[in-house]
Amino acid sequence: MAAGGRAPEPRVLVCFGALLAGWVAVGLEAVVIGEVHENVTLHCGNISGPRGLVTWYRNDSEPVFLLSSNSSLPPAEPRFSLVNASSLHIEALSLQDEGNYTCWEILNMTQWFQVWLQVASGPYQIEVHISATGTLPNGTLYAAKGSQVDFSCNSTSWPPPMVEWWFQALNSSSEFFGHNVTVNSFSLLLMSPNLQGNYTCLALNLLSRKHRKVTTELLVYYPPPSAPQCRAQMASGLFMLQLTCRWDGGYPDPNFLWIEEPGGVIVGKSKLGVEMLNKSQLSDGKKFKCAASHVAGPEAGASCVVQIRGPSVLSEPMKTCFVGSNVTLTCQVSGAYPPAKILWLRNLTQPEVVIQSSSRHLITQDGQNSTLTIHNCSQDLDEGYYVCRADNPVGVREVDIWLSVKEPLNIGGIVGTIVSLLLLGLAIISGLMLYYSPVLCWKVGNTFRGQNMDDVMVLVDSEEEEEEEEEDAAAEEEEGAHEREEFPKEIPKQNHIHRVTALVNGNIEQMGSGFQDLQDDSSEEQSDIVQEEDRPV
């Protein structure tokens, strides 16, 4: 057939193209990728120069005529047109346009070219689902610590997309979780704070290499591990009471609600847990409750209670200081909550002036105990009343302490007086003893006089009692007075006659002779007595 000859009938071309379709597909096949709703151009071979009669077919179960360069043959659809008298241009592609296309060209000879058109779609409308615990008002998802979270990602695409998951923690780089073409979901069984961050689902069309991604922020919340802590403290100026509630250790920060008890009157609500109250809202023994709640639970929340009380003051009512010495005044405060501020004042000379630490005054405080030490006491400057004042927003308490400053005592004079009194008493006792018992004193004196002599042994021999008349007793007493300076001698006592022999200076011979003389004298006296009894009256 000549190059410029008449083109055969379409039915003949269709049949003839079908016979040669198998051969064209070998070695000369080209691949063109298009996207839905876009345009694509299929080239008829890679030939430059003048072209012959070109006809395009689509190879389905049998060849279907699409377009020919013969102007007498209209295109199968308006979307089809020729470009450069050989290439097939298709507008507004759809998924149904995908398939094998054949170009048949007659120029001096007949040539066939086959093109495989692939149509890609998407990805569109990525849907990410995260089974979180809840959603914040701004749309941010959060999960409770320790819970299980399921992730899934879906997208409209042809062919089906490959899904990738990426995770990026705060202030760190992205971490690749993995990819899968058929499975697009996974689960995290035990959420922890280090899994808080941005989760990204990326859907990739492997045909068109186009991708789309969606990033979702997921927070991990957990309540504080311990109970809330409440306290009350004085604000500046002692005119306000500050209530503070802390519940640390959780994420995010909890919410606080202060309630007055009893009655349930709401004092304030905030995320800081701090409320300021003036004195008109306070009374001794009043309670305030802090109700803390957290988005991650527990549902019942947690609470703590503070009870405010005024101070009680205790001190010694009187103290004494000697001129020139030091004295310490003590003030004990109890029962105050919040803790009271302790001040020292003078209520006579300077009733409203607070005593400050100086060279003469030293103020120390240990907890709710305060001491005022006064150095070098002066009667003119320091004697008088001192005031210990305890003050907190609930109330004020004061106690007065009287300080008496005296001259120091004369210790030497006191000691001299005591010694003089002791000596006077001893003299009186000695006089009384001499007056009422001279014999005892004589014996005591002899005892003291003989302390420096050698050993003295006294032997006493007594006889049975003999009754004598009072006249004989008087006569014997007169004779005894004449013989007091001689040894041995007789001492009458209670109608008993005692014979005493003394060993002086350890001389045993003198003791023996003395004892013998005593016996001789005794025999003579007895004989004289007998003679007197036998004498006629």
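Colleague: Two strands count as paired if DSSP finds at least two bridges between them; how many bridges join strand β9 to strand β10?

Modeller: Two bridges join β9 (residues 134–135) to β10 (residues 141–144), and the strands run antiparallel. Strands here are DSSP runs (E, at least two residues), as are helices (H or I, at least four residues), and they are numbered from the N terminus. Please note that this is a predicted model, in which local features need pLDDT of at least 70 and side-chain atom pairs count only at pLDDT 80 or more, while totals for chains, interfaces and linings use all residues. Residues are numbered from 1 along each chain as its sequence is written, and side-chain values use heavy atoms, with hydrogens and water left out.

Colleague: Which residue is the bridge partner of G134 in β10?

Modeller: G134 is partnered by Y142. The two strands form a hairpin with five residues between them, and G139 in the turn has a positive phi of about 95°.

Colleague: And which way does β10 run against β16, parallel or antiparallel?

Modeller: β10 and β16 (residues 211–221) run parallel, joined by four bridges. Within that pairing, A144 has Y221 in β16 as its bridge partner.

Colleague: Stepping back, how many helices and strands does the protein chain have?

Modeller: The chain has six helices and 34 strands. Of its 537 residues, 32% are buried, where buried means under 20% relative accessible area, exposed means over 50%, and partly exposed lies in between (1.4 Å probe, protein chains only).

Colleague: What share of the contacts joins residues at least 24 apart?

Modeller: That share is 61%, taken among contacts between residues at least 6 apart in sequence; a contact means heavy atoms within 4.5 Å.

Colleague: Turning to sheets, what is the strand order of the open sheet that holds β24?

Modeller: The order is β24-β26-β29-β28, with antiparallel pairing. β24 (312–314) and β28 (361–366) stand at the edges with a single partner strand each, so one side of each has no neighbour in the sheet. From one strand to the next, the twist averages 20°; axes are lines fitted to C-alpha atoms, for helices over the stretch in contact, and angles run from 0 to 180 degrees between N-to-C directions.

Colleague: How many bridges hold β26 to β29?

Modeller: Six bridges join β26 (residues 327–334) to β29 (residues 369–374).

Colleague: What about the open sheet with β25; which order do its strands take?

Modeller: Its four strands follow the order β25-β31-β30-β27, with mixed pairing. Here β25 (318–322) and β27 (341–346) are the edge strands, each with a single partner, so one side of each is left without a neighbour in the sheet. Neighbouring strands are turned by 25° against each other on average, direction ignored. β30 (residues 384–392) and β31 (residues 395–406) pair in the antiparallel sense over nine bridges, and A390 stands opposite R397 in β31.

Colleague: Next topic: charges. How many salt bridges does the structure hold?

Modeller: It holds 10 salt bridges, each defined as a side-chain nitrogen of Lys or Arg within 4 Å of a carboxyl oxygen of Asp or Glu. One of them joins D97 to R79, with the closest N and O atoms 3.0 Å apart. D97 is in the loop between β6 (87–90) and β7 (99–107) and R79 in the loop between β4 (63–68) and β5 (80–83), so the pair, 18 residues apart, links distant parts of the chain.

Colleague: Is D97 buried or exposed?

Modeller: D97 counts as buried because its relative accessibility is 4%.

Colleague: And what does E260 pair with?

Modeller: The side chain of E260 meets that of K286 in a salt bridge (3.3 Å, N to O). E260 belongs to strand β19 (residues 255–261), and K286, 26 residues apart from it, to the loop between β21 (274–278) and β22 (287–293). K286 also counts as buried, at 17% relative accessibility.

Colleague: Finally, which helix gives the most to the nonpolar patch?

Modeller: Helix α3 (residues 411–436) does, with seven residues. V419 is in that helix and is partly exposed, with a relative accessible area of 41%.

Methods:
Two strands pair if DSSP finds at least two bridges between them.
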